[in-house]
Amino acid sequence: MSRRGPISLVVAALLLGGACASHQTRMQRALDASMERAYLTGLYLQTVAGISGTPSRLTRNDGVVYLSDVAPQMLFLAEAGDTARYRSLRAFVADKMVRRLATGVVPGRRYRADLRFEDAPAPTRRVLGRALIAGWERLGDTTSAQLVAQFAPATDDGATLEPVDALVSECDEALDVVGSDPAPARAVLGKARGVLASARQVPTGPTAGSRLGGDSELKAQACLARAAIAVNDPDAAVRHLDRMLDLLKPIVRNAGRPDLSTSADVLRTLSAVRAAGPTSYLPPGTVARP
């Protein structure tokens, strides 16, 4: 072989790599630098988050299963295509966590055999509705479609959300319609910086409704990253993804985990990142095959 052969192969490989990179979308190029960190964080959360299709494993220390834990996991499992675990939780909700009235089905806030029924707050009810719709659309679960179609008309519970939590709610609602109207998602992304900056000036503590830097901001950054991907805004996607990963870094380092609902939200975002990121990305240790 000519002494030039190996050098020519290297040059050819570099040229091929450059050609592949040039065919990446702006979103793929933007996300490229964050992909390994996103993958490793997702791998950790999938191991420790406690996502389960067994309702008894979702019981908190007070012996109660809360819909605010169950509904986000149902949404994650539906989007992940995990039919078995999704249907297990949906069956539990339909059997134990709703009340059937003449006006329709009313979701309950929590379940323990000895507790009286309490209506679920509006934000939790909306998450359950999204989860059931996803169960029908993604998994073809007809019971989910029937259950959400029977929901009683929602009533305003009068609760006032803290600014960051209100931002999350607005972001979720914008993503509900982003396929047909991206304007609400763009509007949420536009106002997010101001809302989060203002929240950082508010003291947090045991009485604070929103803990910036805690689960509230994690939920916000996760939703905002999904919104940015949905409207194809690479700069915003990277900004919110990297902030989300920064917030998770000390949790991972200390072998902790966010609460169940936040973990489900983060895993949904990391799934969206993998789908939108560079297709050439291979997780560490993965062997490329022809």
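This is a predicted model: local features need pLDDT of at least 70, side-chain atom pairs count only at pLDDT 80 or more; totals for chains, interfaces and linings use all residues.
Helix H6 covers residues 122-139. At 1.5 Å a residue, the 18 residues of H6 should span 26 Å, and the C-alpha atoms at its ends are 25 Å apart, which agrees. The buried residues of H6 include Ala-122, Thr-124, Arg-125, Val-127 and Leu-128. The buried residues of H6 pack against several elements: helix H4 (67-80), helix H5 (83-96), strand E3, helix H7 and helix H8 (163-177). Just after H6, Gly-140 adopts a positive phi of about 70 degrees.

Helix H7 spans residues 142-149 and contains Ser-144. Ser-144 has a relative accessible area of 0%, so this residue counts as buried. Its side chain forms a polar contact of 2.5 Å with the side chain of Asp-141. Beyond its neighbours within four places in sequence, Ser-144 touches Tyr-86, Arg-90, Leu-132, Gly-135 and Trp-136.

Helix H8 holds Val-164. With a relative accessibility of 1%, Val-164 is buried. Val-164 and Glu-217 are 53 residues apart in sequence.

Strands E2 (residues 98-101) and E3 (residues 104-107) run antiparallel. Four bridges join the two strands. Val-98 stands opposite Pro-107 of E3. A hairpin of two residues links E2 to E3. As noted above, E3 is also one of the elements that the buried residues of H6 pack against.

The loop between strand E4 (110-111) and helix H6 carries Arg-112. Arg-112 is partly exposed, because its relative accessible area is 28%, a value between the limits of 20% and 50%. Two polar contacts involve the side chain of Arg-112. One is to the side chain of Asp-114, at 2.6 Å. In the other, a polar atom of the Arg-112 side chain lies 2.7 Å from the backbone oxygen of Asp-62. Not counting residues up to four places away in sequence, Arg-112 touches Asp-62, Gly-63 and Val-64. Arg-112 and Met-97 are 15 residues apart along the chain, and their C-alpha atoms are separated by 9.4 Å.

Aromatic rings were examined next. A pair of such rings is described by the distance of the centres and the angle of the planes. One aromatic pair is found in a search of the whole structure. The ring centres of Phe-92 and Tyr-111 are 5.7 Å apart and the planes meet at 85 degrees, so the pair is edge-to-face. Phe-92 belongs to helix H5 and Tyr-111 to strand E4, so the pair ties together parts that are 19 residues apart in sequence. Phe-92 is buried, with a relative accessible area of 14%, whereas Tyr-111 is partly exposed at 23% relative accessibility.

The charged end of Arg-60 sits over the ring of Tyr-66, at 4.3 Å from the ring centre.

Note on methods: Residues are numbered from 1 along each chain as its sequence is written. Side-chain values use heavy atoms; hydrogens and water are left out. Buried means under 20% relative accessible area, exposed over 50%, partly exposed in between (1.4 Å probe, protein chains only). Contact means heavy atoms within 4.5 Å. A polar contact is a pair of N or O atoms within 3.5 Å; within protein, one must be able to donate a hydrogen and the other to accept it, and residues adjacent in sequence count only if both atoms are side-chain atoms. Two strands pair if DSSP finds at least two bridges between them. The expected span of a helix is 1.5 Å times one less than its number of residues. Rings of Phe, Tyr and Trp (its six-membered ring) pair if their centres lie within 6.5 Å; planes under 30 degrees apart count as stacked, over 60 as edge-to-face and the rest as tilted. A charge sits over a ring if NZ of Lys or CZ of Arg is within 6 Å of the ring centre and within 35 degrees of the ring normal.
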